[in-house]
Structure formats: C-alpha cells, structure tokens
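Thanks for coming, everyone. I'll walk through a few residues and a few helices, one at a time. Please have the sequence and the model open.

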Amino acid sequence: MGLDSSAGAGLRNEDGIAAVIGVLRQRFGEQLQTGEALRAQHAHTTTYIPGQLPDAVIFPNSADEIKLIVRACADHRVPVIPYGTGTSLEGHVNAPHGGISIDLSRLDHVLEVNTEDLDCTVEPGVTREQLNAHLRDTGLFFPIDPGANASLGGMAATRASGTNAVRYGTMRDNVIAVTAVTASGEEIRTARRARKSSAGYDLTRLFVGSEGTLGVLTSVTLRLQGIPQAVSGGVCPFPSVEAACNAVIMTIQMGIPVARIELLDALQMKACNAYSNLDNPEVPSLFLEFHGTEAGVAEQAAMFAEIAAECGGGEFLWTANPERRTELWKARHNAYWASLKLRPGAKGISTDVCVPISRLAECVVATQQDIAASGLIAPIVGHAGDGNFHVLVLLDTDVPAEIEAAEAFVGRLNARALAMDGTCTGEHGIGQGKRRYLSQEMGEGVSVMRQIKQALDPLNIMNPGKIFSFDG
C-alpha cells in the first residue's frame with residue numbers, strides 16, 4: 001500500500017484545460033498565474049499525501065468573478081478546486097484531475113456585523129483571527145478555534161471545530177447561512193439570518209462539510225458569542241491516559257460547563273515541553289479552560305479539581321492570568337510542530353477519530369497499546385470533551401515498510417472507532433485521505449451522497465476526487 005493508494009491521479013481533460021486557461025487569461029490577465037512554484041503552493045497539504053498541482057491559480061476579487069470562472073470551467077469540463085489558506089489535513093486542495101485552483105484570499109471583507117443579533121457575515125477568505133480582531137470592540141467573538149489561522153470559508157467547507165467545540169459546538173452549529181456558486185455558475189443563498197427555520201431542505205448543512213464538492217462558498221453568516229466576563233484555565237497531570245479520560249467523562253456527565261478540555265499523552269507533553277520551553281510533568285495531562293463570571297469559573301475549577309482527585313490526578317494548577325493561559329494554549333496549539341521534533345526529518349500522518357464520550361478511555365487506551373505493539377512513534381492529543389482525539393504518526397516516507405505499518409495502524413484506528421459507534425473523522429474531513437473509510441461508516445448513505453453530487457454537479461467539476469469517487 002503506497003502513499004498515493006487513495007489519492008491517485010485521475011483522467012485529465014487536456015484540451016479543455018488549455019482552452020479554459022486561454023479564456024481566463026484573456027478575461028482576468030495577471031489574476032491568473034501558471035508558475036510552478038505557485039501551483040505547488042496551492043497543492044500543499046499538511047499530510048503525507050503527495051501534492052497534485054492544479055494547472056493554474058486564479059485570484060478572484062468578487063463573487064461575480066467566481067461565477068464567470070466557474071461558468072468557463074463548466075463550458076470546458078475543467079475541474080475547480082477552491083482554496084482558502086491550505087491548512088486542511090486530508091488532501092482537500094489537491095488537483096488529481098488537474099484544473100483551476102480558485103484562491104479566495106482576496107475575498108477577505110467582513111460584510112456585516114449585527115451586534116444585537118449576535119451574528120455576522122463574512123467573505124470566505126476572512127480568517128478566524130482576522131474576524132476576532134475586527135470584533136474586538138463589540139464585546140463579541142467567534143469561538144471556533146481549529147488551531148491554524150484558517151479561512152472561515154475553508155472552516156465551513158470542512159466542518160471544522162477545535163478546542164472550544166465542547167462548549168460552543170462546531171462549524172455545523174455556528175453557520176447560519178452561506179452563499180455559494182454552484183457548478184452551473186449560479187450563486188445561491190441557503191438561508192436567511194433567522195435563528196431557526198422550517199422552510200424546506202436544510203441547504204446550509206448540505207454545504208457545510210461538502211469540502212468544495214458542491215460549490216464555491218462566497219459568503220458565510222456566523223453565530224457570535226459574548227466575550228466572557230472571566231476566563232480561567234490550567235493543567236492537571238494524571239497517572240495514566242485512562243485516568244485522564246475518566247476525569248473527562250465525569251466532568252461532562254456532571255454538566256460542568258467547561259469551555260475546553262484537551263488531552264495530551266505523556267509523549268505529547270514531552271514534545272510540548274521541549275518545543276515551548278515548559279516544565280510540566282511529562283505524564284498524561286488535561287488542559288482546561290472555563291468561561292463565565294469570576295465566581296463561576298472559580299467554582300468550576302474547584303469542581304474539576306475534586307473530580308481529578310477522585311480519578312487519581314495530581315494538583316490542578318489553574319490561573320485567571322491571561323499571559324499564563326496564553327502560554328499554555330500556545331503550547332497546545334503548537335502540538336503538531338512540537339511532535340515533528342520528536343523525530344527530526346520525519347513526516348506526520350495527522351489522523352483523527354471521534355467516539356461517544358463513554359467509550360473515549362477504552363478507545364484511547366487500545367490505541368496506545370496498538371502504537372506500542374506496532375513500534376511506532378505517535379503522540380496523542382485530543383479534544384477530549386467531545387470524544388475526538390488525534391494521533392500523529394511520525395514516519396520516514398522513503399521507507400516502504402514504515403508507510404505500510406503506518407497505514408495499517410490508521411486502518412485499525414478507524415475500524416476501532418467505528419466499532420464503538422464513532423466516526424472515522426471528527427473534524428479533519430474525508431478529502432482524499434479517508435475516502436476508503438467513509439463507505440465503512442456510512443454504508444448505503446454514500447450512494448445518497450453520490451446522487452446529490454450528480455444532481456448538483458453532473459459534470460463532476462467541483463473538487464473531484466474528494467470524499468468519494470464519482471463513479472463508484
């Protein structure tokens with residue numbers, strides 16, 4: 001089994017590609033670029049899947065320009081690959097059939113903020129950090145934090161979540177509406193700003209998580225939250241991963257309104273200490289954060305400390321000091337880069353699964369045993385509050401035996417999660433890397449997905465080769 005085993009190149013429409021590049025160059029001039037370095041950047045993927053370059057990259061300035069681009073590609077049956085910031089993890093921005101990469105970075109305007117309604121509308125190239133900087137003086141913020149400074153259009157397209165999901169939900173819960181250019185080159189709006197609606201099919205949820213396979217998002221309307229009066233956070237060591245997971249389960253089942261609760265195994269703590277110059281005990285640990293009033297966050301921290309002690313945990317060191325909290329969470333967000341330092345020169349397979357919270361301890365412990373038996377180097381970090389965890393398998397991609405062992409492990413990990421009524425991906429999406437597991441999870445549901453794809457994109461030009469193969 002090789003690196004490109006689920007991400008092979010598809011058939012190319014060479015004549016159509018040449019024709020559409022000519023049409024777009026004549027219409028858009030320097031907005032269209034064909035240099036190899038830029039094309040390679042737009043096939044960049046932070047996983048081990050090889051890059052598959054588009055034939056050109058175009059930088060539209062408006063939704064109207066996107067409509068013209070998509071219509072030209074439809075006329076010549078040429079693939080369209082939407083591109084946000086390139087931080088996705090499963091080969092979403094690769095171009096296995098060639099085609100045109102639509103870079104949405106110039107659509108970076110906050111269009112509307114409705115403070116009374118706690119919502120806003122942004123263009124797809126706005127990043128989450130950019131939005132929160134824009135909102136700073138309103139007393140509101142957008143809580144979904146996948147770690148990377150991803151574009152909000154990309155986050156909606158991949159149904160992203162992150163460290164705050166246990167309290168604030170995922171992009172599925174926080175997108176009110178989108179506008180999108182479909183494969184016919186027409187722009188549609190999926191909903192109004194009302195907080196609820198019973199009007200027809202839920203088109204918003206159809207496009208959230210569609211990974212660019214149904215259209216190019218041109219705006220996203222988002223729910224906002226009030227900035228909490230007080231925030232506290234801290235770290236707590238545990239004698240084992242099982243003990244830490246049991247503390248998570250008890251915390252959730254007792255209804256403590258924790259904002260973030262992150263699991264790091266001992267190897268991940270070692271990596272974070274070295275990378276971020278910290279001195280935390282190198283044992284399985286939980287990072288936590290509480291949002292609310294000053295009295296409320298202190299009470300929540302005290303309640304968690306009692307749970308941790310009952311589960312055999314050490315002292316829960318928490319603080320409301322913003323600088324100390326920032327230091328802790330920066331270390332957590334740098335976990336990927338810290339892990340790569342455990343084996344310099346290695347590449348990482350960053351994979352995630354999600355299971356019902358009651359099965360979390362069982363799944364993580366079994367996964368650790370599998371890692372040890374396989375002789376792999378693979379730290380674990382997870383959004384434990386919603387049963388989602390990540391494993392970063394470090395491997396030398398020039399050694400076929402390592403690739404085989406890593407892919408076999410990932411297969412067992414997904415099978416384990418599915419056997420526990422979980423999912424093969426809690427937040428990374430399917431892309432190219434997890435196509436083979438989707439049918440195991442969804443069964444005949446994949447046939448329904450293909451029918452939807454066929455209806456909305458009969459020429460298969462919208463990000464082909466992602467989620468599932470169009471022909472079976």
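Where is N277 found? It sits in the loop between α10, residues 266-276, and β14, residues 285-292. Before I go on, remember that this is a predicted model.

Stay with N277. Its phi is positive, near 60°, and the residue is not a glycine. As background, most residues other than glycine have a negative phi. Is N277 buried or exposed? It counts as exposed, because its relative accessibility is 71% and the cut-off for exposed is over 50%.

Now I467. This is another non-glycine residue with a positive phi, here near 75°. Look for I467 in the segment after α17. The surroundings are another matter. I467 has a relative accessible area of 10%, so it is buried; the cut-off there is under 20%.

One more positive phi. R77 follows helix α3. The phi of R77 is near 55°.

That brings us to α3 itself. The helix runs over residues 63-76, which makes 14 residues. How far does α3 reach from its first C-alpha to its last? The span is 20 Å, close to the 20 Å expected at 1.5 Å a residue. Which residues of α3 are buried? The list is A63, E65, I66, K67, I69, V70, A72, C73 and A74. Note that E65 and K67 are on that list.

Next, T127. Find it in the loop between β6, residues 119-122, and α4, residues 128-135. T127 counts as buried, because its relative accessibility is 12%. What does T127 contact, beyond its neighbours within four places in sequence? The partners are T85, N149, A150, S151 and L152. For a sense of distance, take M420. T127 and M420 are 293 residues apart along the chain. Their C-alpha atoms are separated by 35 Å.

Compare that with R167. This residue is in helix α6, residues 165-168. R167 and V258 are 91 residues apart along the chain, with their C-alpha atoms separated by 6.5 Å. R167 touches V258, and also P257, A259 and H291, leaving out residues up to four places away in sequence.

Now a threonine in a helix. T367 is in α14, residues 360-374. How accessible is T367, buried or exposed? Buried: the relative accessibility is 0%. Which residues does T367 touch, not counting those up to four places away in sequence? They are I380, F389, V391, F409, L413 and R416.

Last stop, the surface. V448, I452 and L456 form a nonpolar patch there. Together the three have about 210 Å² of accessible area. L456 lies in helix α17, residues 445-456. At 33% relative accessibility, L456 counts as partly exposed. Recall that I467, in the segment after α17, is buried.

N277 is exposed, whereas T127 is buried. Over to you.

Methods. Residues numbered from 1 in each chain as written. Predicted model: local features only at pLDDT ≥ 70, side-chain atom pairs only at ≥ 80, totals over all residues. Heavy atoms only, no water. Helix = DSSP H or I, 4+ residues; strand = E, 2+ residues; numbered from the N terminus. Buried < 20%, exposed > 50% of the residue type's maximum accessible area, 1.4 Å probe, protein only. Contact = heavy atoms within 4.5 Å. Expected span 1.5 Å × (residues − 1). Patch = residues over 30% accessible without salt bridge, like charges linked within 9 Å, V, L, I, M, F, W, Y side chains within 5 Å. Areas by Shrake-Rupley, 256 points an atom, 1.4 Å probe, with all protein chains shown as cover. Salt bridge = Lys/Arg side-chain N within 4 Å of Asp/Glu carboxyl O.
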